[in-house]
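Please consult the sequence and the three-dimensional view shown here.

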Amino acid sequence: KRRGWIAVHWVGVLLLVGCEESVRPRGEAITLDVPRGLPTLPGNSETALTRELVSLGRELFHDPRLSSDGTVSCASCHQAEAWFMDGRRVAVGVGGAQGTRNTPSVLNAAYFPAQFWDGRALGLEEQAKGPIANSREMNLPHDVAVARLADDPAYQRRFAEAFGPGPITLRRLVHAIAAFERTLLSANSPFDRFYYGGETAALDEAARRGLASFTDPARGNCAACHTIGAQHALFTDGLFHYLGVVMDADGELT
């Protein structure tokens with residue numbers, strides 16, 4: 001569902017100085033004003049957000065130098081104007097190479113431990129590694145990606161501001177991208193205002209009938225998997241279900 005953009009509030013200063021491979025951020029700490037309809041963001045000390053870290057992640061997310069031919073960035077497939085998808089049947093990478101699945105949105109991806117359609121990456125950091133090296137996507141070996149950034153004085157400065165002393169590493173690279181992605185939250189939709197805010201006019205009569213079918217076990221029963229909680233709704237139970245679709249010998253859907 002399409003939802004309004006989140007507000008970000010800067011709150012004080014957090015100085016966390018780590019070792020060479022530390023991904024604990026340093027700089028100006030931020031908290032996210034999670035909008036109506038979403039739960040509290042999961043996190044720990046290593047997923048803390050700072051202004052410098054998120055800014056670095058945003059730049060990396062949009063930088064095509066993380067692809068082999070300098071034409072594809074994360075934002076090439078996860079387009080903000082298309083709700084962080086691209087609308088294609090399958091993703092398109094460097095040289096027009098076609099992927100095997102369509103691009104999922106990264107909106108609210110911070111809530112899901114299993115990433116990619118098949119859940120093969122546990123967490124946003126692990127997910128961020130995949131497209132960079134994937135031959136059908138950005139097609140750039142990780143060591144080459146890190147070397148490119150390390151040769152750029154501007155990135156040397158930005159990484160030092162975000163993480164403190166130490167070299168640019170793959171772990172820091174994907175941690176920064178994941179930090180930016182954690183700020184991509186979407187909520188306060190007409191459904192949220194109706195269901196959680198008590199605004200009866202937020203949904204028209206047809207939408208209210210659809211919601212009744214969506215939640216009725218004797219009718220649509222969509223909410224059995226696309227769950228709606230008492231306080232928030234992500235419209236998924238986060239699990240994988242066999243729906244009777246046939247798979248080939250390689251485990252791909254046919």
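The model is predicted: local features need pLDDT of at least 70, side-chain atom pairs count only at pLDDT 80 or more, and totals for chains, interfaces and linings use all residues. Residues are numbered from 1 along each chain as its sequence is written, and side-chain values use heavy atoms, with hydrogens and water left out.

**Helix H1.** Helices (H or I, at least four residues) and strands (E, at least two) are DSSP runs numbered from the N terminus. Buried denotes under 20% relative accessible area, exposed over 50%, and partly exposed the range in between (1.4 Å probe, protein chains only). In H1, residues 51-61, the buried positions are Leu 53, Val 54, Leu 56, Gly 57, Leu 60 and Phe 61. These residues lie on the same side of H1, because they cover an arc of only 160 degrees around the axis; the arc is taken from the directions from the helix axis to the C-beta atoms. Their packing partners are strand S3 (30-33) and helices H2 (74-77), H4 (142-150), H5 (153-163) and H6 (170-182), where contact means heavy atoms within 4.5 Å.

**Gln 115.** This residue belongs to strand S4 (residues 114-115) and is buried at 9% relative accessibility. A polar atom of the Gln 115 side chain lies 2.4 Å from the backbone oxygen of Phe 112. Not counting residues up to four places away in sequence, Gln 115 touches, among others, Ala 109, Arg 120 and Leu 124.

**Salt bridges.** A salt bridge requires a side-chain nitrogen of Lys or Arg within 4 Å of a carboxyl oxygen of Asp or Glu.

| Pair | N to O distance |
|---|---|
| Asp 118 and Arg 101 | 3.4 Å |
| Glu 161 and Arg 157 | 3.3 Å |
| Arg 209 and Glu 205 | 3.5 Å |

Asp 118 lies in the loop between S4 and strand S5 (121-122) and Arg 101 in the loop between H2 and S4, so this pair ties together parts 17 residues apart in sequence. Glu 161 and Arg 157, by contrast, are 4 residues apart in helix H5, about one helical turn. Arg 209 and Glu 205 are likewise 4 residues apart, in helix H8 (residues 205-215). Glu 205 is exposed at 52%. Arg 36, Arg 193 and Glu 199 are linked in a network of salt bridges.

**Cysteines.** The structure holds 0 disulfides, defined as cysteine sulfur pairs within 2.5 Å. For Cys 74, the nearest cysteine sulfur is that of Cys 77, 8.9 Å away. Cys 74 is buried, with a relative accessible area of 13%.

Terms used: A polar contact is a pair of N or O atoms within 3.5 Å; within protein, one must be able to donate a hydrogen and the other to accept it, and residues adjacent in sequence count only if both atoms are side-chain atoms.
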